[in-house]
Amino acid sequence: MTKAGAARLFRAKSKGGNILCGGAMIRISLPYIYNLAMALEKLSEIKQEDKISNHWIALAWANISLDQLFNKSVFSSSLRSSRVSAVRMMEELDGFANENDADKTFGFDWHAFNNLFIQFKTIFLAELETLNAHFVTQKRGYDTMALIDYAEVIFPPELTAKVPESIPDIREAGKCIAFELNTAAAFHLHRAHEAVLHQYFDAVTGGKPRPSSRNIGDYLNALKQYNVGEPK
C-alpha cells in the first residue's frame, strides 16, 4: 500500500458494524475483540531501526482500531481510565503516518511510543477487568441464540400466523429463561397464553363478545357458559 492509501485508511470513518447494535442488551462480537488485539500487538513487532514506510499498514490498522473502540463503539462510554493514553497513542500514530520521508526510521521516537504503548496496555487490561461481560450458559436442549432472539421457534410454527400478538411476550419469555429470570418468564408466558386464549375464544364462540377483562378465569367461565371449546 502507498503512503497516500495508508493515509486515507487512517481517516476512514466507521459506518456501523457488528458491534454497533441498539437495545439494552448487546451481544459482544468476540472476533472484534480478537482483531483489536491483533491490530495493537502488531505494533510490538516494530523496531527503532525500521523504516516508517514499511509499517504504514500496521500503523493505520492500529490507529483505526483505537479510534473505533474509543470513539465509535458501544464500549466507548465505559472506557475512561485508558482513554487519555489511547488519545496520546492515536496522536503519535497520526504523526508517524504524516512523515514525508519514506526512508526515515522510527528512531528514538519509537522508544518513547513503546513506553506509552506498554502504559496503555497495563491500564486498558485493568479497565477491561471491571467491565461487565458474562457468558450465557445453555438451558437444557434450547439453543441460546434462539431463546434470546426468536424464542417463537420453540412453539408450533402456526402460532406466528394464528396469534401474532403473542410473539412479543414469547420472545421476552425466551430472554428470561436464558438469563434465569424464572418468575418473569412465567409472567410473559401467561400473557402469551392469554393472547392464545382470546383467539381461541373468538374461534369456538363464532365471534361472540369477549369478557371485559383479560383474566383467564373470566374467559374460561364464559366458554363454560356458552358450552363451547375443549375442556382440556
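The legends below describe close-up views of one predicted protein model.

**Conventions for every view.** This model is predicted: local features need pLDDT of at least 70 and side-chain atom pairs count only at pLDDT 80 or more, while totals for chains, interfaces and linings use all residues. Residues are numbered from 1 along each chain as its sequence is written, and side-chain values use heavy atoms, with hydrogens and water left out.

Figure 1. Helices (H or I, at least four residues) and strands (E, at least two) are DSSP runs, numbered from the N terminus. From that end, the elements run α-α-α-α-α-α-α-α-α-α. The protein chain has 232 residues, and 34% of them count as buried. Buried means under 20% relative accessible area, exposed over 50%, and partly exposed in between (1.4 Å probe, protein chains only). The chain exposes about 14600 Å², with carbon and sulfur atoms supplying 56% of it. Accessible areas come from the Shrake-Rupley method with a 1.4 Å probe; for residues, only the protein chains shown count as cover. Contact means heavy atoms within 4.5 Å. Among contacts with a separation of 6 or more, 60% join residues 24 or more positions apart.

**Figure 2. Helix H8 covers residues 167-178.** The expected span of a helix is 1.5 Å times one less than its number of residues. The twelve residues of H8 should therefore span 16 Å, and the end C-alpha atoms are 17 Å apart, which agrees. Its buried residues are Ile167, Asp169, Ile170, Ala173, Gly174, Cys176 and Ala178. Their cover includes helix H6 (144-149), helix H7 (158-162) and helix H9 (182-205). Just after H8, Glu180 takes a positive phi of about 60 degrees.

**Figure 3. His198 and Gln199 sit in helix H9.** His198 has a relative accessible area of 6%, so the residue is buried. Leaving out residues up to four places away in sequence, His198 touches Arg210, Arg214 and Tyr219. Gln199 counts as partly exposed, because its relative accessibility is 27%. With residues up to four places away again left out, Gln199 touches Lys162, Val163, Glu165 and Arg210. Gln199 and Lys162 are 37 residues apart in sequence, yet 7.9 Å apart in space, C-alpha to C-alpha.

**Figure 4. The largest pocket has a volume of about 1300 Å³.** Rolling a probe the size of a water molecule over the atoms shows where empty space is left. On a 1 Å grid over the protein atoms alone, a pocket is an open set of points where a 1.4 Å probe fits, with protein on both sides within 12 Å along at least five of seven lines; lining residues have an atom within 4 Å of a point. Grid points are joined across faces, edges and corners, and a volume is the space filled by probe spheres set on the points. The largest pocket is lined by 35 residues. Ile26, Arg27, Ile28, Ala133 and His134 lie nearest its centre. Helix H2 (30-41), helix H5 (108-128) and H6 are the elements that give two or more residues to this lining. H2 supplies the largest share, seven residues. By class, the lining of the largest pocket divides into 27 nonpolar, four polar and four charged residues. Ala, Val, Leu, Ile, Met, Phe, Trp, Tyr, Cys and Pro count as nonpolar, Asp, Glu, Lys and Arg as charged, and the others, Gly among them, as polar.

**Figure 5. The second largest pocket holds about 660 Å³ of space.** Its lining has 25 residues. Which of them lie nearest the centre? They are His193, Val196, Leu197, Tyr200 and Glu230. The elements that give two or more residues to the lining of this second largest pocket are H7, H9 and helix H10 (216-226). H9 gives the largest share, seven residues. The lining of the second largest pocket has 15 nonpolar, five polar and five charged residues.

**Figure 6. Arg140 and Asn227 each have a positive phi.** Arg140 lies in the loop between H5 and H6. Its phi is near 50 degrees, a positive value in a residue other than glycine. Arg140 counts as exposed because its relative accessibility is 77%. Asn227 lies in the segment after H10. Phi of Asn227 is near 55 degrees, and this residue too is other than glycine. At 69% relative accessibility, Asn227 counts as exposed.
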